[in-house]
Amino acid sequence: MNGICTLGNDVVFDQLVALLNSIDANIGSQTPVCIYPFDEQLERISAEIANRPNVFIYDDRESIRRWDEFMLAAAPERLNRGKYRLYGAHRRFCAFDGPFDKFIYMDGDTLAMSSLATVFAKLEQYDWVVYDFQFKDVSKIYNTGSAKLLEVFPQERIDKEIFCSGFYASKKGIFDDPKKAWLISQLQAGESEILYGGAGEQPLLNYMVMRSGISSYNFANELPEAERTGCSATSKHFEEREHILYDKGNRLTYLHYIGVQPKVMQALCAGENFDFPYRDLFLHYRYLHEPENRPTFTTPPKTYGTSKPSFLQKALKKLQLN
């Protein structure tokens, strides 16, 4: 069985609902969707998906424990830690244990814009498929100041193979226990220094894929220039038609709200008139099945953090990816 995976908790509830509704509208309401738990804050999500028979929360505690232990051994500094437990974005790695033979992972702050059939089709030839332009900014994946970096990966691979961890397609079982143990041994032997110091699990996932020699494909590298599209809300030139975005006439595969923090989305849905790129598109999908609850605004829109450059503004300036 094939399906879509995402990661979430109640903090990103509004974003997750928007994603699920975009899957309903643009892929199909029967599409299986698995939510990996960032932590135990799942009350609102559980209530929301009670009426969505195609959506379920991953509950294989043994699988979650194994990947928690992997992170503790491979990159403990990348974990978010509670007082009594660890939790975090690495739990998306549970997709490598199941429940889907082939899967597409989509971050909670993305929207599906079209069928993903072409992405799944590429998994017939490759074990890893992405569609993004992260290769334009290697510094957010690897420590470019590390002399060891080019000992581990040749420059041509670094220039072409890195990816954003917000959207990727892969297969069950590609990271088995022996492979995970080997990766841990390489990191602990000194290769951890080549990873960028921030960005959570993203540098580690890039390392895991590249170091394992997994065959990969990036639509952004392989499609003819006239056919490829962007994917990031930092690109302001997309054209919207009937709640779908187009890039120079080509329909986007997905939209990623890079740099828009969950608290901004929460505040917007609570009635605060915050502005960010493609805001109304987000609101359309968030309230697709409950338009009567969509907030109405009586004050002019404001950008989050107007007294000084906001996180969003700085991200938009720095991440001008297509």
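This is a predicted model: local features need pLDDT of at least 70, side-chain atom pairs count only at pLDDT 80 or more; totals for chains, interfaces and linings use all residues.
**Close-up A. Glutamine 186 sits in helix H7.**
Helix H7 covers residues 177-188, and this view picks out glutamine 186 within that run. Is the residue buried or exposed? Glutamine 186 has a relative accessibility of 19%, so it counts as buried, given that the cut-off is under 20%. Leaving aside residues up to four places away in sequence, glutamine 186 touches Glu191, Tyr207 and Arg211.

**Close-up B. Strands E11, E12 and E13 make an open antiparallel sheet.**
The order across this three-stranded sheet is E11-E12-E13. Strand E11 (239-241) and strand E13 (250-251) are the edges, each pairing on one side only. Zoom in on strand E12 (residues 244-247) and you'll find two bridges tying it to E13, with the two strands running antiparallel. Which residue of E13 is the bridge partner of aspartate 247? That's asparagine 250.

**Close-up C. Helix H1 crosses helix H11.**
H1 spans residues 13-26 and H11 spans residues 279-286; their axes come within 7 Å and cross at roughly 75°. That angle makes H1 roughly perpendicular to H11, because anything from 65 to 115 degrees falls in that class. On the H1 side, the contact is built from Phe13, Asp14, Gln15, Val17, Ala18, Asn21, Ser22, Ala25 and Asn26. H11 brings Phe282, Tyr285 and Arg286 to the contact.

Methods
Residues are numbered from 1 along each chain as its sequence is written. Side-chain values use heavy atoms; hydrogens and water are left out. Helices (H or I, at least four residues) and strands (E, at least two) are DSSP runs, numbered from the N terminus. Buried means under 20% relative accessible area, exposed over 50%, partly exposed in between (1.4 Å probe, protein chains only). Contact means heavy atoms within 4.5 Å. Two strands pair if DSSP finds at least two bridges between them. Axes are lines fitted to C-alpha atoms, for helices over the stretch in contact, and angles run from 0 to 180 degrees between N-to-C directions. Angles under 35 degrees count as roughly parallel, over 145 as roughly antiparallel, 65 to 115 as roughly perpendicular and the rest as oblique.
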